Protein chains: 2
Amino acid sequence: MLVNGKADNPISPADRGLAYGDGLFETLRISKGRPVFLEAHLARMQTGCERLGIAFDTGDFRQDIDHLLSSPDSPDMVLKLLVTRGAGGRGYRPGAETRPTRVASLHPLPSFTGTPGRVFVCKQRLAAQPAFAGIKHLNRLEQVAASREWPDDSFVEGLMLDYQDHPIEGTRSNVFVVRDGTILTPELSACGIAGVLRQHLLDTLAPGVETTTIDMENLRGADELFFCNSVLGIIPVASLLYGAESWRYNSHTVTNRARDLFEAALQTC
Amino acid sequence: MLVNGKADNPISPADRGLAYGDGLFETLRISKGRPVFLEAHLARMQTGCERLGIAFDTGDFRQDIDHLLSSPDSPDMVLKLLVTRGAGGRGYRPGAETRPTRVASLHPLPSFTGTPGRVFVCKQRLAAQPAFAGIKHLNRLEQVAASREWPDDSFVEGLMLDYQDHPIEGTRSNVFVVRDGTILTPELSACGIAGVLRQHLLDTLAPGVETTTIDMENLRGADELFFCNSVLGIIPVASLLYGAESWRYNSHTVTNRARDLFEAALQTC
């Protein structure tokens, strides 16, 4: 764990990351001792800094990553990068003197079989807030509340809807639906995080993905449903519990194609 | 500054307050060396803990407050109380072993004249999120973004609207409108923070306050407009800049009555 490049630097209790969630983060997969999709993660965080008005060059993390990966515990891990606006300012109003705080840390890779699993629909909804949609900021109470609904460890993900009943994403992943040969993923202009693996699949998954508004009816009777994130890769879905119903997905053709694309990225990073 | 009751305790970079804004805070006025509206602040934070599912007894702050106020720099200060769910869990999902982190700190009282001042209307809107409305949680990017719009120090507050153009609150305060002898304040079921001084005014301000949905038209031609928070008290408004218009408020009769109620609370705490 490095805070502003040093192992023993403290986090100020006055840091605006703690006070207001005033910052951004990324979680990257480390494969063969190297970060996967590093440039895309740094670029997304840079976009986030611009959206929030945080004067920070995400390239500053490169030295931290080199340092941490010079002696990793394992070649397969999770790298977390977090930046805040720093400490200072008068209440919510940032001060001109505020300097960003950056934290880089390595964590064990969570166990994950990749077997098609069960998904629940979260009661916690995502609010429409275009100002912060897409970026991976530190205001994550919606995801925390949704994750607290997890019925038991037999479930692989929770599906989050907006207040108009549109599926948007998983608690920690993006979602894709395959129906009648068409691959769909929700558009994220009002809420949701625009995932790095989601973008990679948008760029590479044949025969092309349609980014659109999705209804629960699109999921009923769909051929395939899967989630994705940069750490676990593809999360295949066997069934979706929705109220008293359980919708099953027996095909995984496109899901497996997506997994092959992720596996290829792990090899070529 | 005390972290879990000790002056030299560090904040873990893995704390969920920093990672996700997974916690709550209160800012209290210290008057004559004593906290004002202490019970109401602790009660609001306790409600917040219950809403977020954080197992914490806000009474734990009492020993910290006694300790900090045993030798304050000044009899008039600001006390900040902050609690997070603590460090731990698998990503967004909290762990059973997670223990809350509490931070108590004293700060100088900001300078504030109380002279009627100018208010701007923030471009940053408040999202409708009933799950977290009313409580003072740590997900405050909306307030940070709104505060960054502050035109210059001649302005005393920014008015925040929801996405349906309803005035909800100030960037750091609640708002009251006086019109034709009626006192109005926005209802906060979908967004906004239910302020402790707001509640005190609802309980005590004659001839009674109507809590309702407010439109910008209610502010045009209103007799009085004022904001309130527990630290500064009453923020009187001389004019509101709204697009190309400037709406003036020349009467301050109810505003002054509210200020008298706040001044009385400072004396009797």
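Trainee: How many residues does the contact take from chain B and from chain A?

Mentor: This is a predicted model, in which local features need pLDDT of at least 70, side-chain atom pairs count only at pLDDT 80 or more, and totals for chains, interfaces and linings use all residues. Residues are numbered from 1 along each chain as its sequence is written, and chains are lettered from A in the order in which they are written. Contact means heavy atoms within 4.5 Å. By that criterion, the numbers are 51 from chain B and 51 from chain A.

Trainee: Which three residues supply 21% of the area that chain B buries against chain A?

Mentor: Buried area is the accessible area (1.4 Å probe) that two parts lose on being put together, summed over both. Between chain B and chain A it is about 4,000 Å², with 63% given by carbon and sulfur atoms. On chain B's side, more of the area comes from these three than from any other three residues: Leu18(B), Tyr92(B) and Leu141(B).

Trainee: How many helices and strands are there in chain A, and why is the chain described as being as compact as a globular protein of its length?

Mentor: Helices (H or I, at least four residues) and strands (E, at least two) are DSSP runs, numbered from the N terminus; chain A has 7 helices and 14 strands. The radius of gyration is taken over C-alpha atoms, and the globule rule is 2.2 Å times the number of residues to the power 0.38. For 269 residues the rule gives 18 Å, and chain A is as compact as a globular protein of that length because its radius of gyration is close to this, at 19 Å.

Terms used:
Side-chain values use heavy atoms; hydrogens and water are left out.
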